[in-house]
Amino acid sequence: MADMPTDFWSGWIITITIVSLSGLVWLIFSIYFSKKVAEEFKSPVWDETLTEGNNPAPMWWFWMILTALVTTVIYLILYPGLGSFSGALKWSQGGRLDQNLVRYSYQHADTRKNITNTSIVELQQDAKLMGSAKRIFVQNCAACHGPNGQGQAMTFPNLRDNDWQWGGTEEDIEQTLRHGRNAVMVSWQAVLGDEGVSQVADYVKTLASNDAANTAGNTKGMQLFQQFCVACHGNTGEGNPLLGAPRLSDDIWLYGNSDEQLHHSISIGRNGIMPAFDKKLDDAQIRMLVAWLTKD
């Protein structure tokens, strides 16, 4: 309630709240303390004793409503509720969260420091820490990479194999987690044309199958690959982690290896974005993730 876009809305909320409370106070006191209206006619009687009247509700109801009104006023004085007024105690959910984070950081500072200073191998041997790392992964990474890191939707890579587009060392994976990655496969349709795209796609499939005879037989595809693709993917399709160019000489495909999918990758191109997590995860969490991702 303390973050109002304009003073108008803050004042409007304050006015509505005060008028509503005042109206309720007037209603209650008018029922209990106003002079009774004289009956102008004699009430009929039902079931021997049941008659019409002008009697207020029982007094316990009055005290209950009055207590609720007093409690409401005290709450609005102490806590946010009246427009942009933050309350006498200056309490807020954000402030409470900040306090809890400070207390949590203080209580676990030594543990987190030990994690950052412990080798990856030792972290992997701690089942409790690996369980915590799995929960960190599920909370932050599973939406894209799946709950077990096996990738999904032919868009997000499998993190449980040994094929790493940007390098699989501890340092490479930490760099990926901290700062993110932005992979770009450019469109070659204008350069290669439909026939050239098909020839390169066929050649890439022979690289993945390690079929030397078919690879050597696709002369035109090989020439086009050597002319346009080796700068990123290497002479034999071994890839280049420095550029984020994936290996083409294995049978692991992020976007699929069907003719249609390969044609799409070559002719239209691909874009892959891995967001940075250095502002969301601390050093200990990132190191735990590295250990979990590289654990056999």
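The model is predicted, so local features need pLDDT of at least 70 and side-chain atom pairs count only at pLDDT 80 or more, while totals for chains, interfaces and linings use all residues. Residues are numbered from 1 along each chain as its sequence is written, and side-chain values use heavy atoms, with hydrogens and water left out.

Let us begin with helix packing. Two packed helices are described by the angle between their axes and the distance between the axes. Axes here are lines fitted to C-alpha atoms, for helices over the stretch in contact, and angles run from 0 to 180 degrees between N-to-C directions. Helices (H or I, at least four residues) and strands (E, at least two) are DSSP runs, numbered from the N terminus.

Helix 8 (residues 170-179) packs on helix 14 (residues 283-293) at about 130°, with the axes 10 Å apart. That angle makes helix 8 oblique to helix 14; angles under 35 degrees count as roughly parallel, over 145 as roughly antiparallel, 65 to 115 as roughly perpendicular and the rest as oblique. Contact (heavy atoms within 4.5 Å) involves Glu-170, Ile-173, Glu-174, Leu-177 and Arg-178 on helix 8, and Asp-283, Ile-286, Leu-289, Val-290 and Leu-293 on helix 14.

Within helix 8, the buried residues (under 20% relative accessible area, with exposed over 50% and partly exposed in between, for a 1.4 Å probe and protein chains only) are Ile-173, Thr-176, Leu-177 and Arg-178. Their cover includes strand 3 (181-185), strand 4 (270-274) and helix 14. Just after helix 8 comes Gly-180, with a positive phi of about 75°.

Helix 14 also meets helix 4 (residues 109-117): their axes come within 8 Å and cross at roughly 45°. This makes helix 4 oblique to helix 14. Arg-112, Ile-115 and Thr-116 of helix 4 make the contact with Asp-283, Ala-284, Gln-285, Arg-287 and Met-288 of helix 14.

Now for the cysteines. With a disulfide taken as a pair of cysteine sulfur atoms within 2.5 Å, the count is zero. Cys-229 is in no disulfide either, and its nearest cysteine sulfur, in Cys-232, is 8.5 Å away.
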